[in-house]
Amino acid sequence: MTRTRLLGLVLLALVAAMAATRVSGQVAPSADWRTFDGTWSASGQRQALPTVDGRPAGTFQLSGAIALTSGVGLSRGFRGEAIGYDNGAGVMVGHCVWTDERGDRVYSQLRSETVAAGRLVTGTVTGGTGRYTGLTGEFTFEWQYVIEGESGSISGRAVGLRGRVRGGGRAQ
Amino acid sequence: MIAAAARSAWIAGGLSLAVALLIWFTPPPEGLTVPAWRLFAVFAAAIFSVIVGAFPIFTASVLAVAATVMTGLLKPAQAYAGFANATILLIVVAFLVARAVVKCGLGQRLGHLVVSLFGRSTLGLSYSIFLVDGLIAPAFPSNTARGGVIYPLVVGLAEAGGATPDNPARRRLGAYLMFSGMVSLSLSSALWFTAMAANPLGAEIARSAGVTMTFGSWFVAASVPTLLAMALLPYLLLKIMAPEVTATPDAPAAARKALTALGPLSGGERTVAATFVVMVALWASAGTFGLDSTAIAFLGLGVLMATGVLTMGDIAKEGDVLATFIWFAVLYTISGQLNEMGFMGYLGQRLAGALGGLGPLPVFLALVVAYVLLHYLFVSQTAHVLALFAVFLDVGVKLGVPAVPLAFTLLFASNFFAVITPQGSSANLLFTGSWYLSQGELYKLGAIATVLSLVVYLVLGTPWLMLVAR
């Protein structure tokens with residue numbers, strides 16, 4: 001094999017590899033990021049326990065309606081349920097499940113400083129079921145208000161729920 | 001006649017079942033889960049069955065709770081949670097305390113006293129209820145507890161006028177006074193910032209939208225529409241309900257004579273009066289001292305039992321209280337679960353979100369009307385405010401409606417819509433359980449009174465708010 005022919009084969013392989021990469025990107029749109037936008041109104045319960053520095057640690061459980069105003073491949077609305085732990089020292093971690101009208105679910109993990117008005121929460125989409133199988137992504141939202149009522153009841157509204165997802169099936 | 005009534009009840013029952021099945025087997029709209037949609041089917045069918053006269057509200061409620069648990073929509077612990085709710089227990093205990101006021105004769109004495117002052121007409125009696133309620137309201141953050149104070153007075157007024165539920169000659173008089181008590185509680189709650197628990201909660205939500213509400217600014221904003229509604233509704237309801245007696249020019253003199261005949265307070269009356277005064281004082285200061293309103297009612301009941309004013313025999317006769325406790329706890333729970341499943345928020349978001357493209361005034365009107373109508377699905381004013389107020393305020397502001405008038409109007413509506421259904425507020429229950437009004441009458445009158453209040457607040461209140469609450 002001459003050096004010229006070898007160089008030609010290498011160039012051809014490189015071009016083929018680049019073409020394959022581009023074609024692959026075109027035929028697998030589910031790998032594209034799709035953005036979404038919405039709100040979440042939730043109510044539930046919070047339980048608190050005092051800590052040594054006086055700031056109570058607590059668990060919370062919330063559920064309510066998620067309404068999306070944009071977002072290709074996602075339902076227009078979900079039932080959003082979350083459960084979490086706030087250590088009272090500025091760290092909140094939680095898990096969230098969104099369920100749509102077909103019963104298909106989107107799973108995510110939540111993280112923020114604490115559950116309070118004006119606080120920004122970040123979420124990481126870790127997967128799903130049904131048409132959301134394999135879904136990944138991220139989102140943020142801000143608590144517009146969080147109100148504690150009698151007997152540990154808690155209500156809040158999350159605004160600016162924005163994020164992006166990729167993978168999963170496309171909604172019809 | 002009886003056969004025809006039975007046939008129409010069967011038809012109404014069949015229609016109710018058809019409503020339940022139709023919704024149940026229809027696929028849920030996009031964004032709602034199947035359990036939420038099916039729970040709505042059960043709730044809607046239960047309310048529908050009461051409105052069309054298929055079942056009493058008690059029967060509809062127990063069938064509904066059985067259906068929700070047996071079909072797996074709710075776990076038993078969820079379905080029965082309302083039976084441990086403090087506000088519902090407060091209603092039960094307030095019922096029993098009110099019975100003591102009637103039993104010892106203090107209610108009748110109070111009735112004669114008010115008739116002697118305001119009793120020249122039935123309308124005057126109604127205004128006297130609004131006056132007393134309006135004056136004590138700012139000290140009572142729990143409108144249910146305030147109902148516990150007003151209800152014995154209304155019973156006393158009705159009995160002083162010869163109106164008992166089993167006396168057909170004066171039943172409409174009693175019904176008018178009872179419904180006046182319900183409407184009065186709803187409007188006095190709108191008049192004062194501190195007269196209903198959800199008012200400060202709403203203010204906190206409004207603050208996040210840049211609207212500041214204080215005790216003073218609330219009163220100024222509420223004063224004109226609420227006082228006008230308080231002046232108009234007793235008169236309009238009198239025309240609509242047409243009690244058997246309207247002009248009673250001799251009643252004040254007769255009441256004074258009856259008071260003289262009653263003589264001084266009996267031992268039982270003194271005990272009940274002292275207990276009641278302490279309860280009222282504790283209820284009024286409950287917020288300041290961190291006291292629980294239900295515990296205060298239990299304390300009062302305990303004192304009345306311990307002193308022998310009420311006996312176990314009296315308690316055993318109060319089957320109506322048990323019925324009210326059961327049906328309200330069931331509907332309260334189902335409505336609450338609908339909210340937790342996202343149904344209320346979904347509906348509010350979808351309705352409010354459909355208004356894009358309209359001008360600020362149509363948006364304002366549509367939002368307020370939709371907000372009021374959605375109370376048909378709620379069994380708690382506070383739950384309604386927490387579920388929908390922020391959504392409607394947010395949508396309205398984004399579509400160009402000024403935030404301050406919209407926030408105030410929605411929160412005033414959160415009070416006056418309480419009477420739209422018998423279960424629309426726990427404060428209604430003492431009056432609806434008095435048996436002066438049938439469930440059908442309560443739904444009809446509730447709709448009329450809500451529409452009248454809505455018109456007053458929109459037509460007269462909106463310009464006033466634009467003037468004073470910028």
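Predicted model: local features only at pLDDT ≥ 70, side-chain atom pairs only at ≥ 80, totals over all residues.

Biologist: In what order do the elements of chain A run from the N terminus on?

Modeller: The order is α-β-β-β-β-β-β-β-β.

Biologist: How much of chain A counts as buried?

Modeller: Buried means under 20% relative accessible area. By that cut-off, 41% of the 172 residues of chain A are buried. The chain exposes about 9,000 Å², with 57% of this coming from carbon and sulfur atoms. As for contacts in chain A between residues at least 6 apart in sequence, 50% join residues at least 24 apart.

Biologist: Now the interface. How do I read its size?

Modeller: The size of an interface is often given as the accessible area lost when the parts come together. For chain A and chain B, about 1,900 Å² is buried between them, 53% of it on carbon and sulfur atoms. On the chain A side, Glu101(A), Tyr145(A) and Ile147(A) lose the most area to chain B, and together they make up 29% of what that side buries. Counted by residues, 22 from chain A and 24 from chain B take part in the contact.

Biologist: Which residues form a salt bridge, and how far apart are the closest N and O atoms?

Modeller: The idea is a side-chain nitrogen of Lys or Arg within 4 Å of a carboxyl oxygen of Asp or Glu. Arg157(A) pairs with Asp394(B) in this way, with 3.2 Å between the closest N and O atoms. Several strands of chain A each supply at least two residues to the side that touches chain B, among them β7 (136-148) and β8 (153-166). By class, that side has seven nonpolar, ten polar and five charged residues.

Biologist: Let me try a single residue. Why does Ala160(B) count as partly exposed?

Modeller: Partly exposed lies between the buried limit of 20% and the exposed limit of 50%. Ala160(B) has 25% relative accessibility, so it counts as partly exposed. You will find Ala160(B) in helix α8 (residues 143-160) of chain B. Leaving out residues up to four places away in sequence, Ala160(B) touches Gly111(B), His112(B) and Val115(B).

Key. Residues numbered from 1 in each chain as written. Chains lettered and ligands numbered in written order. Heavy atoms only, no water. Helix = DSSP H or I, 4+ residues; strand = E, 2+ residues; numbered from the N terminus. Buried < 20%, exposed > 50% of the residue type's maximum accessible area, 1.4 Å probe, protein only. Contact = heavy atoms within 4.5 Å. Buried area = accessible area lost by both parts, 1.4 Å probe. Nonpolar A, V, L, I, M, F, W, Y, C, P; charged D, E, K, R; others polar. Areas by Shrake-Rupley, 256 points an atom, 1.4 Å probe, with all protein chains shown as cover.
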